[in-house]
Amino acid sequence: MKAKKLLLCLIMPLLSIFIFTGCKSDSLEKISKNLSTYNMEIIYNDDHTINVKQTLNYKNNTDTSLDNLKLHLYPNCFREGSTCTVVSTLNYNKCYYNGVSYGSINIEKLSVEDEEKEIILEEDNDILNVNFSSSLSPNSIIEINMEYSVTIPNINHRFGYGENTINIANFYPIPCIYENGNFVVDSYHYNGDPFYSDMANYNVKITTPKDYILTSTGNILSEASDEQFKIYNISAEVVRDFAFVLSDKFNVVSDTYNNTTVNYYYYKNQYPSECLKAGTDAIRTFNETFGEYPYKVLNIVETNFVHGGMEYPNLVMISDAVDVQSDYINVIIHEIAHQWWYGIVGNNEYQYGWLDEGLTEYSTLLFYEKNPEYNVNTDELIKNTTNSFVTFVDVYKKVFDTVDTSMNRKLNEYNNESEYVYIAYVKGMLIFDSLREVVGDKNFFEGLKIYFDENKYGIVTPDNLINAFEKASGNTLREFFSSWIDGKVQIFAIN
């Protein structure tokens, strides 16, 4: 495996376009008692639709009484007439390989505490506003019941079906985060991962045609089948999201590390044992480097997906379009690192994309550093990453006369996918390498552990990251971070 190939795996597809506070307890059962809980009955139909009956026991973990709750309806961003652009021009034909296809969610019934409510859609029909009859005080719970149907588009995406898999993610109404006196209602965007959510618990029953194999977030408690259907009962405690994948072509290999079962679901890849080993090696490495993975299962899933991969709690999607095995392994490691950075330590991915993506990229480098048998020269990787970023800045200036390298930007404030990737991933990786040089290895790795331990199961901003490394090093680091985040730092090519 060559470092240059790893860098190209990240950058090549883009060159052509030139609060809930953290909890230190490791007891998921204890934490789960303070969270909202979903109870869902899902039926998947052969016409690529699902029908859902859902009860959300929503807990108000804010410090404010709430008169209403707003929820994201992400499938409506895929509908005909949506103002959202769910895929970039560059990836349009790869996604819609059979021509344009639309998805949607239709809320059919809605009630709060057994009182029927008007269905109010806001923004671009992608926000559901649920009004309460009386204010919901802090630490109180309210029951919201709904029935809805979802149409899954024919698209190689995190939400969509392709030739081999049906990816059912971001499909259900999920509460918007409430902060600074308002619900955060940022809409879907093709740049990055446009998600921001709290931890919750899920009890899910899924019925599918009998020929499908299912893999999902959480633990499958039981599986039953008859001549027509399979029924899965699933429990997921203290997770940031819920997703599942279906296929009638899956093979599966499994292994365990400590108390975690690692499963690799595949239909095309020729090296399943190698992929599974990378998964268990990643859990071991990140456990030792950051802190313990608290869940009983991790599913690595080969899917039809336009990008390299995508992370969900207990489940990572790996694109079958990644043809080079070393690149495929790289995607597995990157997506598993996201279990720590986004999954356990959450952040607003719409506002601070670099915060999880940059640290995840550098975590992938740390994996190779601590596992030399993967034959990646990490010094060469940093050199190639640095020079690639310098080239990007130079070319961007020539084409557009100026370049914005600031990092705290919303996804819709980037001009294109290339700009987002170079800022969030490439520059995001370099900031952590520079931080390591500034504070030294001992303080750097201690800072990572502090950052994880103080913020797991919660939501962070850059301030939490800065505080962790200041605590570890005993140094003031705000000027250092500001120079990178505000775009003032000068980055030079490495010979």
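Tyrosine 74 and tyrosine 188 are both buried, meaning under 20% relative accessible area with a 1.4 Å probe, protein chains only. This is a predicted model, where local features need pLDDT of at least 70, side-chain atom pairs count only at pLDDT 80 or more, and totals for chains, interfaces and linings use all residues. Residues are numbered from 1 along each chain as its sequence is written, and side-chain values use heavy atoms, with hydrogens and water left out.

**Aromatic pairs**
- A search of the whole structure turns up 41 aromatic pairs, that is, Phe, Tyr or Trp rings (for Trp, the six-membered one) with centres within 6.5 Å; planes under 30 degrees apart are stacked, over 60 edge-to-face, and the rest tilted.
- Tyrosine 74 and tyrosine 188 make an edge-to-face pair, at 6.1 Å centre to centre and 70 degrees between the planes.
- Those two tyrosines sit 114 residues apart, so the pair links distant parts of the chain.
- Phenylalanine 290 and tryptophan 340 are edge-to-face too, because their ring planes are at 65 degrees, with centres 6.4 Å apart.
- Both phenylalanine 290 and tryptophan 340 are buried.
- One aromatic cluster includes Phe286, Phe290, Trp340, Trp341 and Tyr451.

**Charge over a ring**
- The charged end of lysine 370 sits over the ring of phenylalanine 445, 4.6 Å from its centre (the rule: NZ of Lys or CZ of Arg within 6 Å of the ring centre and within 35 degrees of the ring normal).

**Nonpolar core**
- The largest nonpolar core has 161 residues, and Trp354 is among those with the most contacts inside it (such a core is a set of buried Ala, Val, Leu, Ile, Met, Phe, Trp, Tyr and Cys residues joined through side-chain atoms within 4.5 Å).

Technical notes: Buried means under 20% relative accessible area, exposed over 50%, partly exposed in between (1.4 Å probe, protein chains only). Helices (H or I, at least four residues) and strands (E, at least two) are DSSP runs, numbered from the N terminus.
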